[in-house]
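Please work through the following exercises with the sequence and the structure at hand. Each task is followed by a solution in steps.

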Amino acid sequence: MAVLRFNQAINAALREEMARDQNVILAGEDIAAAGGSFGVTRGLLEEFGESRVIDTPISEGAIVGLAIGSAATGLRPVVEIMFIDFIGVCFDMLLNQAAKMRYMSGGNISLPLVIRTQAGAGYNAGPQHSQSLEAMLMHIPGLKVVMPSNPYDAKGLLKAAVRDDDPVLFIENKMLYGMKGEVPEAEYVIPLGTAKIVREGNDVTIVALGQMVNRAVRAAEELEAEGISAEVIDPRTVTPLDKECIWQSVVKTGRLVVVHEAVKTGGFGAELAAIVQEEVFDYLDAPIQRVAAPFTPVPYSKALEQYYLPNEESIIEAAKRICVGRPFGLRK
Amino acid sequence: MVKIRRFEERVAQLFAEGLIPGFLHLYIGQEAVAAGVCANLRKDDYITSTHRGHGHCIAKGADVNKMMAELFGKRTGYCKGKGGSMHVMDVELGILGANGIVGGGLPIAVGAALSAKLKGSGQVAVSFFGEGAAGTGYFHEALNMAAVLKLPVVFVCESNQYAEFTPRRTHLPVDTVAERSKAYGMEGYCVDGNNVVEVYETFAGIVENVRLDSRPVLVECFTNRWSGHYEGDPQRYRGKGESEEWQKQDPIAKLEQGLRGEYQVEPDELQQIRNFVESELDAAVSFAKESPLPRGEETLEDVYAW
Ligand SMILES: Cc1ncc(C[n+]2csc(CCOP(=O)(O)OP(=O)(O)O)c2C)c(N)n1
């Protein structure tokens with residue numbers, strides 16, 4: 001098995017899908033000759049030519065429009081919005097056009113398009129280059145939203161996204177691009193909507209997104225040393241969401257902590273907490289905890305950004321808040 | 001110009017030393033544009049800037065102490081450490097912000113020009129942007145809006161030949177951005193953006209007319225970006241020796257030559273300017289280094305709604 005970085009794993013997925021299906025094309029700013037600002041599309045121009053790997057002007061609205069029109073007419077475009085922050089500029093295309101085309105047409109048109117984009121804080125890139133906006137996207141019926149946390153998943157999920165017949169937002173966390181992991185050369189695809197139990201445990205369920213999955217695992221290791229057995233779940237896709245997997249875990253542990261990097265207000269955590277209490281309230285032994293960023297833009301200064309980002313300590317604290325001093329094993 | 005150049009060179013050094021984090025987009029090579037344009041502006045005129053904004057801010061009169069402190073992420077910076085390089089603003093000086101969104105400044109300048117017009121204040125708004133930004137919807141919408149509403153805006157396109165790593169010819173299907181002015185019913189001009197005297201003189205006339213007649217103008221300044229798109233950019237997209245070739249058009253050297261030849265300015269006088277700038281920047285770096293970091297909880301301050 002090869003060890004690849006996260007960005008190389010995505011590159012491999014694109015290469016394989018382009019080789020497999022000649023309708024798969026790429027477009028975006030700096031993605032062709034330059035190989036992408038994070039090196040994700042490096043080498044693909046040389047391999048597939050400039051009719052399939054297209055450098056565009058700085059025109060996000062038109063990039064997404066290009067994806068919509070070409071997807072409606074037989075191609076399978078994978079376009080890049082360099083930073084998720086810039087979806088502001090193309091939001092109409094996403095929310096009024098891409099998301100609704102299938103529905104508005106009574107199912108006559110499907111849009112097999114993928115928008116790859118990059119998100120997250122940790123780079124001191126400031127308020128307009130560091131956001132996590134999955135909750136905004138999750139709120140729109142018609143968009144699928146994928147957030148991988150490691151190279152293996154990134155490759156398998158991107159391949160599924162390319163093969164999917166509906167618009168998929170594929171969100172890559174910028175702090176993960178350098179992460180190494182084993183990625184098989186043999187073909188594999190991870191179906192959208194399948195969560196992964198990253199670590200098994202009995203006392204508390206921690207559901208985390210993207211970069212936060214890795215922090216949750218480290219937090220779980222420390223909790224283990226203190227006698228708390230945490231199960232860590234990575235949903236991998238927020239839409240569609242593998243509710244079943246999360247419910248089962250909560251039924252087993254009776255406790256839930258949700259961790260994400262986006263602001264807490266109106267976030268994925270709020271939605272998940274609501275879903276869980278609707279379905280498995282009877283099994284909860286303690287209040288659901290959310291660990292997320294404060295309700296502010298992402299600050300630039302190192303001192304502030306560290307405060308902003310949820311970390312291992314905040315996850316541990318949240319888990320202890322609902323575990324310590326409360327008896328385990330009272331589940332009905 | 002010297003202050004902008006040396007500010008940038010120092011910032012590059014401080015970045016290499018790990019004292020400045022994040023993304024830094026340097027303006028080295030383009031100084032004549034900011035200096036030549038802003039020398040024609042009143043203190044209360046507005047500018048909107050870009051991700052490559054240090055030069056525009058300095059030329060408009062920004063305090064280098066506060067800029068440097070901001071880049072260090074310190075509480076004494078222009079944005080209390082919340083904005084960083086891409087978001088320096090000073091409302092009192094009419095600097096409505098560097099901007100991390102390409103093209104984002106253009107419509108904002110249109111809005112500032114509207115307020116100037118309605119108040120009858122005689123202010124103008126100048127929007128700096130790159131030729132890459134001429135591909136954005138904002139560019140087209142802002143020009144059209146400004147022309148329709150007859151607003152006092154000067155759109156200043158700095159053509160430095162690249163949008164990030166992509167050369168001009170790949171993303172721009174016209175010979176000049178300036179010629180697009182016709183499509184929006186406004187005047188358009190091209191100037192040598194490496195010649196500060198030419199920039200200054202061209203804009204002197206333009207700014208005055210815009211101020212008097214309240215109508216927008218588009219000007220394209222041809223210049224070069226010597227450094228990478230951002231600090232640390234390996235510049236694989238660039239030919240060997242290309243930057244060196246551009247450095248032959250150094251706007252500062254050109255100006256110095258002119259001053260010494262035509263105006264017989266003594267080398268000492270130029271040296272004095274340089275010395276003055278160095279001491280000002282020494283002070284800025286010390287100020288930034290000695291300033292306190294913000295406390296974590298300050299993250300929570302200055303949010304509109306809570
Ligand atoms: C809306 C948006 N899209 C993409 C980017 C990423 N980006 C930052 S700078 C840049 C190139 C800008 O080129 P140009 O306008 O010519 O300015 P220059 O960098 O040459 O000064 C790009 C694509 C961005 N910041 N905002």
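**Exercise 1.** State the strand order of the open sheet of seven strands in chain A, and identify its edge strands.

*Solution.* In this predicted model, the order is β3-β2-β4-β5-β7-β6-β12 (chain A), and the pairing is mixed. Strands here are DSSP runs of E with at least two residues, helices are runs of H or I with at least four, and both are numbered from the N terminus. Two strands pair if DSSP finds at least two bridges between them. The strands β3 (53-55) and β12 (237-239) of chain A each pair on one side only, and they are the edge strands.

**Exercise 2.** In which sense do β2 and β3 of chain A pair?

*Solution.* In general, strands of a sheet pair through backbone hydrogen bonds, either parallel or antiparallel. Strand β2 (residues 24-28) of chain A pairs with β3(A) in the parallel sense, over three bridges. One residue pair to locate is L26(A) with its bridge partner V53(A) in β3(A).

**Exercise 3.** How many helices and strands does chain A have, and what percentage of its residues count as buried?

*Solution.* Chain A has 12 helices and 14 strands. Along its principal axes, the C-alpha trace of chain A spans about 65 × 45 × 40 Å.

**Note.** Residues are numbered from 1 along each chain as its sequence is written, and chains are lettered from A and ligands numbered from 1 in the order in which they are written. Local features need pLDDT of at least 70, side-chain atom pairs count only at pLDDT 80 or more, totals for chains, interfaces and linings use all residues, and side-chain values use heavy atoms, with hydrogens and water left out.
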